[in-house]
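Let's take a friendly look at the charged side chains here and how they pair up. Please keep the structure open as you read.

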Amino acid sequence: MKVVSLFSGAGGLDLGFKMAGHDIIWANDMYADAVETYKKNIGDHIICEDISKIKAEDIPDCDIIIGGFPCQGFSVANTKRHEDDERNVLYKQLIRMIDAKRPKFFLAENGSYSGAVEQIVRKLATDSTRKTIWTQLQIDYLHKILNAADYGVPQTRQRVIIIGVRNDINFEYIYPLPTNSKNGKDGLPEWISVSEAMAHIPDPDLPNDLPNHVYSKYKLNFNGYLGHRPLDPDKPAPTVTARGDNKGGVVILPHPNGKRRMSCRELATVQSFPLNYEFCGNNSSVYRQIGNAVPPLLGRAVADVFNQYKGEKKNV
């Protein structure tokens, strides 16, 4: 597939599509540090610009448009959320590009902690423009909430994956079957624990050559609030978050040893990024990029399904 990627961030979803054998030909994000990270690891085809300012004719034709549009304006963990949050309408930019480029497929990803996935599905289902949008585009679409832990990610992170298939395309998208399960159900390997995932990572206080292997000195205080809850080393980590603004204040998971915060590298591992994936920017920015990313292994699972398409169209 020739892929156009919107809201690409640091490249988690795009990396998953690359791992599945697809070709990302154009990408976009407006967070400069994330764009630099993307360029360092994936390619120079990303544009740093507000998507609303980009003309559709400046984007190449493609087989599929993918986009992990921001969700913080929906999240119930965001106590300052409101209906008019500008981030709540960014999905309409994705729709604008789908309308203009008419790809065979689209994949929209969304979700976060504390119910944002349910919020966005409800929003899409009740939006007054939804019926006319999808009817005009002549696209059949479906959605499903997937748990990243079911696909080998050491994190119980829920994401809603919305799939669209142009209705002249002879293809039924079937969501990928899990590769792992909570208790080894159906003969599958159990979920990967956070301690298992990080077993090969050295102590960040000892000499090492891993990129981004530094951690926040923000003190631990286990009081039950987000970012202040102990981790069970024998289970996947809870959802990695990206709260805070560009000046700091991100919420960082504690290390399972309960003595410090996870390093940027450890958090990236919990997100299933490879060890050599290097992030740009200061520590706060790197933590935020990681928290905002789609786990690459989840991205690969949903991208692999498109390899089953044989180029057929429906007889009309």
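## A network of three

A salt bridge is a side-chain nitrogen of Lys or Arg within 4 Å of a carboxyl oxygen of Asp or Glu. By that definition, Arg166, Asp168 and Lys313 are linked in a network of salt bridges. Please bear in mind that this is a predicted model.

Arginine 166 is buried, at a relative accessible area of 12%, while aspartate 168 counts as partly exposed, at 22%.

The structure holds nine salt bridges in total. One of them joins glutamate 109 to arginine 159, whose closest N and O atoms are 2.5 Å apart. Glutamate 109 sits in strand β5 and arginine 159 in strand β7 (residues 158–166), so this pair ties together parts that are 50 residues apart in sequence. Both glutamate 109 and arginine 159 are buried.

## A bridge between two loops

Where do aspartate 63 and lysine 104 lie? Their side chains meet in a salt bridge of 2.8 Å, N to O. Aspartate 63 belongs to the loop between β3 (46–48) and β4 (64–67), and lysine 104 to the loop between α3 (91–101) and β5 (105–110), so the pair ties together parts that are 41 residues apart in sequence.

As for accessibility, aspartate 63 is buried, with a relative accessible area of 18%. Lysine 104 is partly exposed, with a value of 23%.

Note on methods. Residues numbered from 1 in each chain as written. Predicted model: local features only at pLDDT ≥ 70, side-chain atom pairs only at ≥ 80, totals over all residues. Heavy atoms only, no water. Helix = DSSP H or I, 4+ residues; strand = E, 2+ residues; numbered from the N terminus. Buried < 20%, exposed > 50% of the residue type's maximum accessible area, 1.4 Å probe, protein only.
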